[in-house]
Amino acid sequence: MPKKYGIHTKATPHRFKAITKSGIIAWEEGCLKCAVCVKKRCVYKVYENRGLDARQMVDSVDNQCMNCLRCVQGCPKELIHKSVNPEYRSLGDDHYSPDIIAKLWYQAETGKIPVSGAGYPGPFSGQGFDGMWTDMSEIVRPTRDGIHGREYISTAVDLGKKLKHLRFHTDGDLTGDMPPLIDIPLPIMMRVPGFGSISGETIKGWAMAARRLGTLLFLPRERVHRRLNKALPFLVPEIAGKPKKGPRGGFRTRIVEITPEGEGEETFEAVNEAQPAGLWAVRLPLKEGVEKTALSLVKSGVSLIHLEAGYGGKGFGGEDIYLRDGIRLVHRAMVEEGVRDEMTLIAGGGIAMAEQVAKAILCGADAVVIDFPILIALECRMCRRCTKGLSCPVEIEKATPAWVARRTVNLMAAWHNQLLEVMGAMGIRDARRLRGEVGRAMFFEDMDEATFGPLGQGKEGFELE
Ligand code: SF4
Ligand code: SF4
């Protein structure tokens with residue numbers, strides 16, 4: 001049994017005051033000027049310790065408040081209120097919501113799993129991964145056994161092609177070449193996001209994190225720099241178009257990724273010509289018919305497909321197809337053709353929460369690639385000022401590589417632990433066995449059909465009596 005994989009975390013505070021969910025509104029008008037103001041009785045001395053952060057020009061009162069509501073209840077004229085901080089509400093967008101951003105900040109700071117209290121407060125429906133639930137029916141022991149090492153759960157996965165069978169010489173030696181295969185200890189890889197106030201130092205920090213975690217960082221080829229030499233085996237340069245001849249297009253990395261210009265044969269020939277013995281990933285944008293393209297690539301010899309969805313986890317080209325469904329289509333096409341083990345399917349684009357890692361693998365991916373969560377881990381507010389050439393409010397580009405690496409490792413540790421928890425609750429002890437286990441998942445549309453389908457369709461204008 002391989003050595004147990006664990007990620008060492010270290011609390012790494014924010015560099016800037018985080019935007020918190022609740023704010024305090026204290027009206028001066030109508031104040032009784034009572035001798036013993038409730039503000040003085042705050043057990044956390046929030047009002048006494050408050051100050052103005054000159055760098056960000058924010059009052060620290062919201063940041064220090066522990067939400068005990070003592071001041072709210074104690075003010076005789078009810079002049080103190082707690083409310084949702086409007087700045088918090090304006091964080092992010094529909095996909096990276098304020099709550100998701102706040103949880104990612106927490107995980108990057110502490111390396112711990114966020115605890116939301118009793119029960120799940122969200123809706124039991126939605127698009128993409130929101131319309132899917134995991135079956136935790138094996139909870140017969142503490143699900144934390146996997147996290148604390150009392151139960152061995154492996155999250156290692158293989159990247160590359162596996163042989164259907166082995167052939168041996170009469171002397172017992174293997175015959176033929178073994179296809180290149182890489183194993184990584186957790187099924188989560190990282191990719192430099194499409195925007196952000198990202199400097200060479202930021203990339204170095206992410207590369208350090210990839211090396212420490214034993215995973216891979218995908219990055220544009222022009223970002224691969226001599227300063228990253230130590231982390232080269234953990235980098236995946238991305239190349240657009242035809243790869244150059246020579247070992248992995250001139251890179252000393254274990255994998256190179258290309259975004260092909262052509263399809264099937266044409267792509268494989270270009271890759272094969274450049275490096276017949278190397279491991280190449282081919283990036284495929286998620287759109288209608290993607291399973292046919294993926295199948296043609298695999299039949300031509302490509303062993304690593306990176307299925308990529310757009311920013312919100314949706315397909316490109318205006319179709320309403322989500323990453324969840326794209327993974328299922330490609331996985332099923334491979335299974336039906338009997339070539340599933342001849343390829344590795346990695347999926348990325350829009351993965352925003354740890355639960356989505358387990359869901360993507362259940363749908364049929366071998367591993368996932370995450371992008372914006374590693375930027376949000378560095379305090380990004382998803383304000384997009386950087387896309388307009390404006391300054392970053394949290395100066396991400398100035399963060400030291402050591403800080404970037406620690407925050408990224410913390411985030412990945414929290415996600416790794418959540419994966420262990422989900423797998424433990426399902427009774428699955430190997431991430432390779434989680435792949436495509438849809439029997440351990442429930443899909444909203446299936447349950448909707450099973451529950452309400454037999455009732456038939458109501459005709460237009462039909463009214464219940
Ligand atoms: S809610 Fe509690 S912690 Fe917050 S300011 Fe009022 S008394 Fe202090
Ligand atoms: S905080 Fe805003 S400006 Fe800074 S990287 Fe994030 S989106 Fe860009």
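**View 1. Helix α5 leads the lining of the second largest pocket, giving seven residues.** Please note that this is a predicted model: local features need pLDDT of at least 70, side-chain atom pairs count only at pLDDT 80 or more, totals for chains, interfaces and linings use all residues, and side-chain values use heavy atoms, leaving out hydrogens and water. Residues are numbered from 1 along each chain as its sequence is written, while chains are lettered from A and ligands numbered from 1 in the order written. The second largest pocket has a volume of about 540 Å³ (the space filled by probe spheres set on grid points joined across faces, edges and corners). It is lined by 23 residues, and I19, T20, K21, A102 and Y106 are the closest to its centre (a pocket is an open set of points on a 1 Å grid over the protein atoms alone, where a 1.4 Å probe fits, with protein on both sides within 12 Å along at least five of seven lines; lining residues have an atom within 4 Å of a point). Two elements, α2 (61-64) and α5 (98-110), each give two or more residues to this lining (helices are DSSP runs of H or I, at least four residues, and strands runs of E, at least two, numbered from the N terminus). By class, the lining has 11 nonpolar, six polar and six charged residues (Ala, Val, Leu, Ile, Met, Phe, Trp, Tyr, Cys and Pro are nonpolar, Asp, Glu, Lys and Arg charged, the others, Gly among them, polar).

**View 2. K21 and D99 join their side chains in a salt bridge.** The N to O distance is 3.6 Å (the cut-off is 4 Å, from a Lys or Arg side-chain nitrogen to an Asp or Glu carboxyl oxygen). K21 sits in the segment before β1 (22-26) and D99 in helix α5, so this pair ties together parts 78 residues apart in sequence. The structure holds 21 salt bridges.

**View 3. Ligand 2 is surrounded by 13 residues.** The closest are C380, C383, R384, C386 and C392. Here the shell divides into eight nonpolar, two polar and three charged residues.

Technical notes:
Near = heavy atom within 4 Å.
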